[in-house]
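Subject: Structure handover

Hello,

The structure we spoke about is below, with notes on what turned up in it. Please read the notes with the model open.

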Amino acid sequence: MTKFKLSMLTLALAAAGNSSIVLAQAADAEAKAQEEAVEVISVRGFRRSLQESQNIKMFNSSIVEAVSAEDIGKLPDVSIAESLARLPGLTAQRLNGRSQVISIRGLAPDFSTALLNGREQVSSGDNRGVEFDQYPSELLSGVVVYKTPDAGLIGQGLAGTADMRLVSPLAHGERTVAVNARYEWSQISALNAGADDNGKRFSISYIDQFADNTIGVALGYATISNPMQIERFEAWGYADTADGDKVIGGAKVFANSNLLERDGFIGVFEYKPTDSFSSTVDFYYSKFDETQRTSFIELPLFWGGAPLVNPTVENGLVTSGGYTGVKGIVRNHGNFREADLFSVGWKTEFKLSDSWDATLDLSHSSLDRTDLILESDAGTGPAGSGALDNLSFAMSDRGPIFNSTLNYADPNLIRLTSPQGWGGDIIPGGQLGYYNSPSITDDLNQVRLSARTMLENDNFDSLEVGLNYSNREKDKKADEFFLALPNGALSAPIPNIAGTTSLAAFGIPGMVSYDPRQLIDTGALVRVRNPNADVLIKDWNVAEDVVTGYVKLGINSRVGEIPVTGNIGTQIVHTDQSSYALAASGTGINVSSFRIDGGDKYWEVLPSLNLNFEVGTGKYVRVGLARTMARARMDQLRASQDYSFNPALNNSQATPEQNSPWSASGGNPALRPWIANALDVSYEQYFEDSKGYVAIAAFYKDLESYIYDQQVIQDFTGFPSGGEVPVINQGVATTPQNGKGGRINGVEFTLSASGAMIMPELESFGAILTGSWTDSSIQSNPNDPSTPLPGLSERVANLTFYYENDGFSARVSSRYRSDFLGEISGFGNGRDLRMIEAETVVDAQISYSFSGRYEGLTLLLQANNVTDEPFVRVEGDDSRRVIEYQRYGRTYMAGLSYKF
């Protein structure tokens, strides 16, 4: 018989899960191992993490993937997102050099949910997708990703559900203090004057038990200061010359210096005086501050009217040449984010009777976030005056490399001004920048009551019923201003110059660098509020009241001689959603606005079935059937509308479909959710003595609908028309609508194997290989059927080699994802979808854990992005037409941990 060692952490994770049979199976296996007097060898480090994850996967009634901590305070990677991205079917998108958001099975983050100890969490972004860098990996004991749901999984996503777990101090069973300290630095030195290029990470965890192991306490603190330098290029696009060749039409060359600072705290307090009663309070708090300093020069080239000279053309692309009379804009921008995330839960388990157990779970999750996106402009003089540049360029794999005749680092040459006169309709002579400070609050309250009883039945071993109520309210406020010089001046010297920022990566030696916040604080620039309608409609509130009732039967049966376990059940979900915002029209003093409300109520029935067939020792065939849903994005549910009334069309020729004086665009608070019917099949074989496993899975999701921007006829009765009497009150509005769905399907493979499978002498070696292939028929943009599904990489692969022996540990990991349509921040911090090129990211680390006198001490050295893989976007199918290039360089980390 296959023998598997189950640790207390495995049992704790199983107990915290939603499966009705996980805990029972795990406990039975533990008891059998004790009865057979199996010799247990203590396994530590990365192999311990793999075995814990394997046990969780094997004993769960659903199809899951898991990541477990190597030890207290030590997940296998430096961030949760990086750990999750190594699991089959999961991918991470790098934003500002770090993995931040997760896609599951080819669907964007909007289609999955994140839980903390089984409870849904708010998000720091504008929508629902959780940004995982808010959660310190040092404070988590593990993450379980549910690919198939069961009826007891509240807050489940359509693509999957990631449940982050805190440690259970009573299950841990011993006093532990763990301290981790790391120092980090980057291959790229600080690019912006005054920026940091060295960082640190520190964490401490304390776990203990009292009162004869009836009271458990776990406390943790983690802090991080993580700098990142980015050499970056963006193209306006590629213009067509008179000869039909493509040429760079405009360019931006950047130097980014980012700094992420985060402090996180966790606390878990358990009280279990008897086997029939327990009560646990846990909390999590994170304070997140991010500073992004961006110095760059924007160069209007072909599309800016600059003459192209001396072009060299290769296969339809101008690969070198020059531009004369270029009026560049010297820009110093800053993005500053402050976010406070808090979560608390109180779970009490007790007996209702001799046969029924009950659970009452109360929780609250909230977020407060404020951003400041600050832009400031400078140049050689106002529009129509000042020195012009003559530039030569040569195309490279990172975009054009320039050679400039102007010295953009000369403070006597570069002044505060509006070189192109952009925004002159609001600020005479043109704006000198923009001040954008949106804020978000997100509050989620939940109450859950459930009851469970064991059954004496040949086919079913348990019955669970439950009711969950959640109330969520997300509120966004916009606060936007144009920037100008005092008293209508068109040009002024730059005060408080910080120094010179190098743009040598793209051929420009340097530029004047300064802190744009100081220009506001000292009054060098003044704010002029942007009153326009497109700003007013950015204020919105979305609220949801959701009641979920469920019933779930645990399956424990046989088909012939084959044991069958699993569960069957259903959720009945009632949603009451609403939104209020402004409908607005016009610009400047001609703006009109009024409050607009909307919403909808609906029911959904979500049945699910999970079957696990034990077809041999350590061999399982799993089948999952489920109907799943994902609610629409918050910005799609907003009631906001930017409308217009055109008097020139207010005549007898107007019809609702054509030539109507009315038109609008905005959100749709009556949107229904995405709905999918899913089939999953998996085969898993676990090798004896916990040497690893192999798994292959296939999935098929039939999305009944998808959400698109569509043109619909809207009734504008009651909307202001500027004193005109409308001939009709209907017109076309462009809003998100539920439309035609489609399928998404794929295959996933995992092999985790110890070298001992080849020969005993290789026991210290091991490898993990995962891969997935995903395909979809969904047209995310009906107006352009070639647009791929956001977040979908057709091919994903991960490979890890590791070695552990006598305290020494080494591993190298590589993750690959093919090109995909990713979400990035666009103009005004809005949402833009852009194609991102395929990438392979390689990380490596070595460590040594002492024994004897210094037992508990571990030294570590880590390198991330070893191959210096850039982030690249290109135009069309020509890899030479680079739209965006970001180089992050390698980052290194050295540190130690001590546990006692």
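Two strands count as paired if DSSP finds at least two bridges between them. Helices (H or I, at least four residues) and strands (E, at least two) are DSSP runs, numbered from the N terminus. This is a predicted model, in which local features need pLDDT of at least 70 and side-chain atom pairs count only at pLDDT 80 or more, while totals for chains, interfaces and linings use all residues. Residues are numbered from 1 along each chain as its sequence is written, and side-chain values use heavy atoms, with hydrogens and water left out.

The hairpin, to begin with. Strands β30 (residues 592–616) and β31 (residues 619–630) run antiparallel and are joined by eight bridges. Glycine 616 faces lysine 619 of β31. Two residues lie between the strands, and glycine 618 has a positive phi near 75° in this hairpin. β31 also pairs with strand β34 (residues 674–686), again antiparallel, over 12 bridges; there methionine 629 is opposite isoleucine 675 of β34.

Next, a sheet. Five strands make up an open sheet with mixed pairing, in the order β1-β6-β7-β4-β5. β1 (64–68) and β5 (119–120) are at the edges with a single partner strand each, so one side of each has no neighbour in the sheet. Helix α3 (residues 45–59) packs on the sheet and touches β1 and β6 (142–146), contact being heavy atoms within 4.5 Å. The direction of α3 makes about 150° with that of β1; axes are lines fitted to C-alpha atoms, for helices over the stretch in contact, and angles run from 0 to 180 degrees between N-to-C directions.

Within that sheet, β4 (residues 112–116) and β7 are parallel and share five bridges, with leucine 116 bridged to methionine 164 in β7. Arginine 165 belongs to β7 (residues 160–165). Arginine 165 is buried at 2% relative accessible area (buried is under 20%, exposed over 50%, partly exposed in between; 1.4 Å probe, protein chains only). Its side chain makes polar contacts with the side chains of tyrosine 146, at 3.3 Å, and aspartate 163, at 2.8 Å. A polar contact is a pair of N or O atoms within 3.5 Å; within protein, one must be able to donate a hydrogen and the other to accept it, and residues adjacent in sequence count only if both atoms are side-chain atoms.

Last, two loop residues. Most residues other than glycine have a negative phi. Arginine 105, in the loop between β3 (98–104) and β4, has a positive phi near 55° and is buried at 1% relative accessibility. Aspartate 212, in the loop between β9 (198–210) and β10 (215–240), has a positive phi of about 60° but is exposed at 74%.

Regards
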